[in-house]
Amino acid sequence: MLEGMYAAAAGMTAQQQQIDAIGNDLANADTTGYKAERVGFRDLLYNQINQAGTTSTAGAGAAAETIGANQTQGSIQRTGDPLDLAIEGPGYFTVKRSDGSTALTRDGAFEVDAQGKLTTSEGDLVQPPITLPKGVSPSEVAIGPDGTVKDGAGRTLGKISLVEVASPDHLLGAGGSLLTTSAASGAPRPVANAKIQQGALEGSNVDSATEMVKMISTQRSYQLESSAIQTENQMLQIANQLRS
Amino acid sequence: MDLGLFIAASGMVAEQTRQDQLSNDLANASTPGYKPDATPQRSFGEMLLRNSTNGQAIGTMSTGVALGKTYTDMAPAGMQSTNEPLDFGIVGAGFFAVQTPQGTRYTRDGQFTTSAQGQLVTAAGQNVLSQSGAPIKVEADGTVPASALGVFNVPGAVKQGENLFAGNATTGAAPGTLGTVREGVLEESGVNPTTAMVEMVGSLRTFQSGQQAIQAIDQTLQAAATQVGSMNGSS
């Protein structure tokens with residue numbers, strides 16, 4: 001009897017994880033370069049119930065966890081800002097954080113700092129470092145699809161290189177639209193078939209309509225499992241009152 | 001009289017198991033590729049009744065409820081479009097094969113991802129196998145063609161948990177009986193919440209009837225123990 005209650009409780013916890021992921025996705029529906037979370041559900045191990053020689057089984061419920069991110073391309077929105085870059089295809093920009101470690105990001109809303117170095121909106125330096133010499137204003141800068149940065153006179157100032165990893169699902173979020181690699185994601189390597197578009201930003205790939213539908217379905221599943229717990233409770237009550 | 005108590009109790013225990021299975025089914029209403037369980041109930045066995053005066057057999061009486069073997073309803077469920085390049089669904093019968101440390105297992109859940117070595121794996125990191133039993137490499141753009149995944153026929157598959165089925169694949173299935181793989185879709189859970197809720201209510205009421213039967217027999221036993229043979233006729 002109690003197995004049934006715990007199974008339903010496990011199911012409710014799983015739906016809770018789903019709602020948390022949906023909430024995070026909806027909050028980031030406008031974040032540049034954000035990728036929606038992929039939540040995976042699985043059933044849990046089965047217990048044998050042995051009765052008079054026949055074996056019947058009952059399961060232990062469900063569990064859910066985030067297994068990665070939806071890697072579909074977000075829509076490219078033109079902004080006209082010469083330092084806004086969008087990636088078409090797979091790949092990430094590399095940035096160096098203030099503590100010296102490197103991170104990856106899809107958010108290409110870059111700026112120049114006081115020394116003329118190209119940085120993200122949080123101040124992390126773009127790697128390999130690109131510096132605009134004195135006298136060159138951002139509006140003169142031309143960045144080609146392969147990442148080559150040229151100033152108004154056609155001189156090459158550097159190249160922004162894109163990297164990818166073997167398993168983007170296993171990149172770890174570090175806040176501020178930054179991602180760090182892990183053992184499960186693989187090491188960064190150069191990417192072959194991606195292009196950079198200047199003057200545009202990649203939007204979030206969250207589809208609000210799908211998220212709302214998922215939210216309704218999750219809520220209903222949560223309610224059903226709550227009914228299952230109430231029914232089990234009633235049965236236990238009946239059993240307790242057998243002799244009264 | 002004691003027999004009546006045990007018959008009612010066997011009914012209650014059977015409903016208990018059914019309730020546990022229904023709870024598990026509802027908990028898995030969102031698990032892709034999940035197949036619901038059912039345990040048939042059968043009559044326990046019949047006892048011959050005899051006329052207490054002359055010993056003549058008058059008929060039989062069933063002695064309660066026993067549970068049969070749990071069976072899994074393997075009917076394919078509907079497909080849900082996710083547009084996720086590494087989500088796959090099998091339209092029709094058949095299973096994906098995954099390599100686990102305990103050997104080859106099978107699954108209907110096609111929610112896959114890439115490993116650090118660039119191979120197609122399940123969320124738990126187990127390699128998905130092609131038709132020839134080899135691991136599948138993920139292309140440079142992060143996709144896998146649907147034809148690369150193997151579909152296997154596993155009659156008598158048994159649920160193991162973690163979305164896996166244990167069983168032996170048969171070779172030489174008639175062409176056209178196995179389903180085809182489609183990418184960007186996931187198979188929904190096979191649980192019908194409405195049916196499950198209705199069965200749950202039915203199960204609860206059967207459980208309650210068992211309780212009523214036990215209480216009635218209890219009262220009869222009490223009367224037999226206290227009133228029968230008492231001298232002044234009051235309890």
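**Exercise 1. Find how many residue pairs are in polar contact between chain B and chain A, and describe the side of chain B that takes part.**

Solution. Step 1: in this predicted model, 24 residue pairs, both at pLDDT 80 or more, are in polar contact between chain B and chain A. A polar contact is a pair of N or O atoms within 3.5 Å; within protein, one must be able to donate a hydrogen and the other to accept it, and residues adjacent in sequence count only if both atoms are side-chain atoms.

Step 1: on chain B, the elements that each supply at least two residues of the side touching chain A are α1 (2-27), β11 (112-114), β14 (158-161) and α2 (193-226). Helices (H or I, at least four residues) and strands (E, at least two) are DSSP runs, numbered from the N terminus. With 12 residues, α1(B) gives the largest share of that side.

Step 2: by type, the side of chain B that touches chain A has 21 nonpolar, 26 polar and 12 charged residues. Here Ala, Val, Leu, Ile, Met, Phe, Trp, Tyr, Cys and Pro count as nonpolar, Asp, Glu, Lys and Arg as charged, and the others, Gly among them, as polar.

Residues are numbered from 1 along each chain as its sequence is written, and chains are lettered from A in the order in which they are written. Local features need pLDDT of at least 70, side-chain atom pairs count only at pLDDT 80 or more, totals for chains, interfaces and linings use all residues, and side-chain values use heavy atoms, with hydrogens and water left out.

**Exercise 2. State what area chain B and chain A bury between them, and how many salt bridges cross the interface.**

Solution. Step 1: the two chains bury about 4,500 Å², 55% of it on carbon and sulfur atoms. Buried area is the accessible area (1.4 Å probe) that two parts lose on being put together, summed over both.

Step 1: the contact (heavy atoms within 4.5 Å) takes 59 residues from chain B and 58 residues from chain A.

Step 2: three salt bridges are found across the interface, a salt bridge being a side-chain nitrogen of Lys or Arg within 4 Å of a carboxyl oxygen of Asp or Glu. B:D87 forms a salt bridge with A:R38, with 2.7 Å between the closest N and O atoms.

**Exercise 3. Check the span of α2(B), then describe its cap and its cover.**

Solution. Step 1: the expected span of a helix is 1.5 Å times one less than its number of residues.

Step 1: among the buried residues of α2(B) are B:M200, B:L204, B:F207 and B:I214. Buried means under 20% relative accessible area, exposed over 50%, and partly exposed in between (1.4 Å probe, protein chains only). The cover of these buried residues includes α2 (208-240) of chain A together with α1 of chain B.

**Exercise 4. Decide whether B:N83 is buried or exposed, and describe its backbone and surroundings.**

Solution. Step 1: B:N83 lies in the loop between β7 (79-81) and β8 (88-91) of chain B. B:N83 counts as exposed because its relative accessibility is 58%.

Step 1: B:N83 is not a glycine, yet has a positive phi of about 60 degrees. Most residues other than glycine have a negative phi.

Step 2: not counting residues up to four places away in sequence, B:N83 touches A:T72 and B:G184.
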